Amino acid sequence: MIGFAYPEISPIMFSIGPVAVRWYSMAYLIGIVVGWWLINRNVRLNNLVISKAQVEDLIFYLTLGIIIGGRLGYAMFYGGAEMWVRPWRILELWKGGMSFHGGVVGVVVAIWLFSKKIKYNFLALTDLVVLYAPIGIFLGRVANFINDELWGRVTNVSWAVRFPSGGYLPRHPSQIYEGIMEGVLMFIILNILWKIPSVRKKHGIVSSLFVMMYGIFRILLEQYREPDAQLGYFFGGITMGQMLSLPLIITGLLILFSKIFYSTPEK
């Protein structure tokens, strides 16, 4: 038989009485806490003009942006008619369903509002945040694998996984592909670039590369991921994830172009 049997990991990490803590929610929590610690560390190492209290407030804004944007994005792009017939389901966070692209919009709005509040350069803040966003992306994709969801298309590769909810057919472990490319690889690239003073001082370059790389990786990896059943394909073979990723690439290119040719390093 082709591939490996799914390891049957419970989506519940542990329970305390009637309260069940799931891997998916814990992935978000760990990603936010680790990102918080790393941002504080980066601020100290690079003598950035932002206080520890302001970083704490930034994390609060980011958390709201992730949850509100991610959930509304899921309802709008992936939820189907069910979300609009029963709109209260948008509040049922414990049932899962978050959109990365919606989360990006939510986070951008949150950072913009916070930058206005503390009178700090907007792109300088986005650069700081995107350095550690891949950690959350990686953990989220691992949680998708554990939840037996968002699996890949049927394949005959030797490392295929037979997911129970995927009909026990050999499928690409696309969650792992995305975790490696959008999580591990992006984290390494962005943090190497951040160490280059000329890149770090031109606010927006790291942010532009983040959205461009995510968009490119997502479009490529969607070729191995089974499209959402309620949506299927658009225009003969394009997925919703690919359509939503194209604007990210365009936005990143515009920011990068403007920073390289029309700006000077900020202090």
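1. Let's start with helix α9: 14 of its 17 residues are buried, so the rest of the structure largely encloses it. Buried here means under 20% relative accessible area, exposed means over 50%, and partly exposed lies in between (1.4 Å probe, protein chains only). Helices (H or I, at least four residues) and strands (E, at least two) are DSSP runs, numbered from the N terminus. Please keep in mind that this is a predicted model, where local features need pLDDT of at least 70 and side-chain atom pairs count only at pLDDT 80 or more, while totals for chains, interfaces and linings use all residues. Residues are numbered from 1 along each chain as its sequence is written, and side-chain values use heavy atoms, with hydrogens and water left out.

2. The length of α9 is as it should be. At 1.5 Å a residue, its 17 residues should span 24 Å, and the C-alpha atoms at its ends are 24 Å apart, which agrees. The expected span is 1.5 Å times one less than the number of residues in the helix.

3. Next, the partner α7. The axes of α7 (residues 174–194) and α9 (residues 205–221) come within 10 Å and cross at roughly 160°, and α7 and α9 are therefore roughly antiparallel to each other. Axes are lines fitted to C-alpha atoms, for helices over the stretch in contact, and angles run from 0 to 180 degrees between N-to-C directions. Angles under 35 degrees count as roughly parallel, over 145 as roughly antiparallel, 65 to 115 as roughly perpendicular and the rest as oblique.

4. Contact means heavy atoms within 4.5 Å. The residues of this contact divide into 15 nonpolar, no polar and 3 charged. Ala, Val, Leu, Ile, Met, Phe, Trp, Tyr, Cys and Pro count as nonpolar, Asp, Glu, Lys and Arg as charged, and the others, Gly among them, as polar.

5. Glu182 deserves a look on the screen. This residue sits in helix α7 and, at 0% relative accessibility, counts as buried. Leaving aside neighbours within four places in sequence, Glu182 is in contact with Pro134, Ile137, Arg141, Tyr214, Phe217, Arg218 and Leu221.

6. Helix α6 (residues 133–146) also packs with α9: their axes come within 12 Å and cross at roughly 25°. The two helices are therefore roughly parallel to each other, and their crossing is right-handed. Here Ala133, Pro134, Ile137 and Arg141 of α6 meet Phe210, Tyr214 and Arg218 of α9. By class, that contact has 5 nonpolar, no polar and 2 charged residues.

7. Which residues does Ser208 touch, leaving aside its neighbours within four places in sequence? They are Gly252, Ile255 and Leu256. Ser208 is found in α9 and counts as buried, at 0% relative accessibility.

8. On to helix α4 (residues 100–118), whose 19 residues reach 26 Å from first C-alpha to last, close to the 27 Å expected at 1.5 Å a residue. Its buried residues include His101, Val104, Val107, Ile111, Phe114 and Ile118. What covers the buried residues of α4 includes α2 (52–77), α5 (122–130), α9 and α10 (240–262). Trp112, also in α4, is partly exposed, with a relative accessible area of 43%. Trp112 and Gly69 are 43 residues apart in sequence and 14 Å apart in space, C-alpha to C-alpha.

9. In helix α2, Ala75 counts as buried at 1% relative accessibility. Its C-alpha atom is separated by 8.3 Å from that of Met98, 23 residues apart along the chain.

10. Finally, two backbone angles to check. Most residues other than glycine have a negative phi. Glu8 has a positive phi of about 60° although it is not a glycine; Glu8 lies in the loop between β1 (4–5) and β2 (12–16) and is exposed, with a relative accessible area of 52%. Phe235, in the loop between α9 and α10, has a positive phi near 55° and counts as exposed at 71% relative accessibility.

Key
A crossing is left-handed if the near helix is turned anticlockwise from the far one by less than a right angle, and right-handed if clockwise.
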